[in-house]
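Hi everyone, thanks for coming.

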Amino acid sequence: MKRIDRLLEQVLGGLLALMVLDVTWQILTRFLPMSPSSYTEELARYLLVWIGILGAAYAYRKKSHLGIDLLTNALPEGLRRKVQLLTISMCFVFAAATMVFGGIQLVMLTFELNQLSAALSIPMGYVYSVIPLSGTLICLFSADQLVQVLSGKSAAIDDSPQSTEMASAQGQV
């Protein structure tokens, strides 16, 4: 899992660096020769989509996604663990059904229809392929979290690094 985490970090960093270069090129070609590049805006848009969707999988892995744990923190430990198992299971089912299954259907359909992007003329299936990829990662991360919770190795819901930092800043730890 650490290799997958590191690879995902590197891919996200590379995509971000590529987007910065792309937008910089767009600005330079717009103002210096007064002839803007035709493909840079579309490439930046697709890179942003990839960063956003893969970033969601990364945030899920790092437990940095939006979560409201006010009620779950007030629950007794046994019930809190059951809620945690239910939540992780629901994330797995959603990612598997919507992102993996639905995403694969979308990618296959766009390849079948030979849908091309306007400026880059690349098959849109490549752009949409980030959906099942990210869904697969979320399923993998959910399975890992389920194993950790079931084996008792997982921290409580409120023991994420962000929550611990916030609590120590407030003098609660």
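Predicted model: local features only at pLDDT ≥ 70, side-chain atom pairs only at ≥ 80, totals over all residues.

Okay, the overall layout. Of the 173 residues, 31% are buried. If you take contacts with a separation of 6 or more, 75% of them join residues 24 or more positions apart. As for the surface, the chain exposes about 11000 Å², and 69% of that comes from carbon and sulfur atoms.

Now let's look at a pair of helices. Two packed helices are described by the angle between their axes and the distance between the axes. How do H2 and H6 score on that? Helix H2, residues 40-61, and helix H6, residues 130-151, have axes that come within 9 Å and cross at roughly 5°. Angles under 35 degrees count as roughly parallel, which means H2 is roughly parallel to H6. On the H2 side, the residues making the contact include Trp 50, Leu 54 and Tyr 60, and on the H6 side they include Leu 137, Ile 138 and Phe 141. By class, that contact has 12 nonpolar, three polar and two charged residues.

Some of those names come back when we go to the core. The largest nonpolar core has 22 residues, and the ones with the most contacts inside it are Leu 8, Leu 54, Leu 137, Ile 138 and Phe 141.

Let's zoom in on Phe 141. Setting aside neighbours within four places in sequence, Phe 141 touches Met 1, Ile 4, Asp 5, Leu 8, Ala 57, Tyr 60 and Arg 61.

Last stop: a couple of loop residues. Lys 63 has a positive phi of about 55° although it isn't a glycine, and you'll find Lys 63 in the loop between H2 and H3 (70-73). Asn 114 also isn't a glycine and has a positive phi of about 55°; Asn 114 is in the loop between H4 and H5 (124-128). Are they buried or exposed? Lys 63 is partly exposed, at 32% relative accessible area, while Asn 114 counts as exposed, at 53%.

Definitions and conventions. Residues numbered from 1 in each chain as written. Heavy atoms only, no water. Axes fitted to C-alpha atoms, helices over the stretch in contact; angles between N-to-C directions. Helix = DSSP H or I, 4+ residues; strand = E, 2+ residues; numbered from the N terminus. Parallel < 35°, antiparallel > 145°, perpendicular 65-115°, else oblique. Contact = heavy atoms within 4.5 Å. Nonpolar A, V, L, I, M, F, W, Y, C, P; charged D, E, K, R; others polar. Buried < 20%, exposed > 50% of the residue type's maximum accessible area, 1.4 Å probe, protein only. Areas by Shrake-Rupley, 256 points an atom, 1.4 Å probe, with all protein chains shown as cover. Core = buried A, V, L, I, M, F, W, Y, C linked by side-chain atoms within 4.5 Å.
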